Amino acid sequence: MSEPNDDDHDTDWYQDDPPFADPAIQLEYEAALGRFLVAFNKIDNELTDLIRTVLRAHNREDLFEKCAISVDFSRKVFHLDLLSLVSDPGKLGSAPLDEMKDIAGQRNTVAHGHFDQNPTDGAYQVKQKGKALEFSVERINGLTARCQIV
């Protein structure tokens, strides 16, 4: 028996075309994610404006930077909640604070998560902090719709 040599094996097996998923799947996800982030950013901006309006009405615009600019979204929601306690009852309406917090949490997942697509079948998950989560385009579109009614 002779010793095997490189001529006996197909050494280029790894250069074959890799499995390929439909790029339309990722494009559809990216488009849905973009729409959601635009809708969420609108809420964030409106929340900032609302905090400024309330602070201005109470002659405390000096607090604006600390309450709305140098803080994250969840802290802005907290500040709005506190400001609603000192404002005239009903003047701020009934801001859906819990809904905003939930949307913000899901926004963080998709905004900071990694789109991980299976190259064989095109299925994908969003991976964040070691967790693989299901975030279908339909789910992201649902979040976008929720942003539009907040």
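This is a short tour of the structure, stop by stop, with what to select and what you will find there.

**Before you start**

You are looking at a predicted model, in which local features need pLDDT of at least 70, side-chain atom pairs count only at pLDDT 80 or more, and totals for chains, interfaces and linings use all residues. Residues are numbered from 1 along each chain as its sequence is written, and side-chain values use heavy atoms, with hydrogens and water left out.

Helices (H or I, at least four residues) and strands (E, at least two) are DSSP runs, numbered from the N terminus. Buried means under 20% relative accessible area, exposed means over 50%, and partly exposed lies in between (1.4 Å probe, protein chains only).

**Stop 1: the nonpolar core**

Select Tyr 29, Phe 36, Ile 51 and Phe 73. These are the residues with the most contacts inside the largest nonpolar core, which has 31 residues. Here a nonpolar core is a set of buried Ala, Val, Leu, Ile, Met, Phe, Trp, Tyr and Cys residues joined through side-chain atoms within 4.5 Å. Which elements each supply at least two residues of this core? They are H1, H2, helix H3 (73-86), helix H4 (97-112), S2 and helix H5 (137-149). H1 gives the most, with 11 residues. As background, nonpolar side chains tend to be buried together in soluble globular proteins.

**Stop 2: Phe 73 and Asp 44**

Keep Phe 73 on screen and show what lies around it. Not counting residues up to four places away in sequence, Phe 73 touches Phe 40, Ile 43, Asp 44, Leu 47, Met 100 and Ala 104; contact means heavy atoms within 4.5 Å.

Now click on Asp 44, which is found in helix H1. Leaving aside neighbours within four places in sequence, Asp 44 is in contact with Phe 73 and Lys 76. Draw a distance between the side chains of Asp 44 and Lys 76: a polar contact of 2.6 Å joins them. A polar contact is a pair of N or O atoms within 3.5 Å; within protein, one must be able to donate a hydrogen and the other to accept it, and residues adjacent in sequence count only if both atoms are side-chain atoms.

**Stop 3: along helix H3**

Next, colour H3 by burial. Phe 73, Lys 76, Val 77, His 79, Leu 80 and Leu 83 are buried in this helix. They cover an arc of only 160° around the axis, which puts them on the same side of H3; the arc is that of the directions from the helix axis to the C-beta atoms. The buried residues of H3 pack against H1, H2 and H4.

At 1.5 Å a residue, its 14 residues should span 20 Å, and the end C-alpha atoms are 20 Å apart, which agrees. The expected span is 1.5 Å times one less than the number of residues.

**Stop 4: Thr 144 in helix H5**

Move to helix H5 and select Thr 144. Is Thr 144 buried or exposed? At 9% relative accessibility, Thr 144 counts as buried. Beyond its neighbours within four places in sequence, Thr 144 is in contact with Ala 32, Arg 35, Phe 36 and Ala 39.

**Stop 5: salt bridges**

Side chains of opposite charge can pair when their charged atoms come close. A search of the whole structure finds eight salt bridges, each a side-chain nitrogen of Lys or Arg within 4 Å of a carboxyl oxygen of Asp or Glu.

- Select Arg 146 and Glu 99: their closest N and O atoms are 2.7 Å apart. Arg 146 lies in helix H5 and Glu 99 in helix H4, so the pair ties together parts that are 47 residues apart in sequence. Arg 146 is partly exposed, at 21%, and Glu 99 is partly exposed, at 27%.
- Salt bridges that share partners join Arg 52, Arg 56 and Glu 61 into one network. Between Glu 61 and Arg 52, the closest N and O atoms are 3.9 Å apart.
- Arg 60 and Asp 62 form another salt bridge, with the closest N and O atoms 2.9 Å apart.

**Stop 6: two loop residues with positive phi**

Finish with Asn 59, in the loop between helix H1 (23-57) and helix H2 (64-69). Asn 59 has a positive phi of about 55° although it is not a glycine, and it is exposed, with a relative accessible area of 67%.

Then go to Lys 129, in the loop between strand S2 (124-128) and strand S3 (131-133). Lys 129 has a positive phi of about 50°, although it is not a glycine, and is exposed at 78%.
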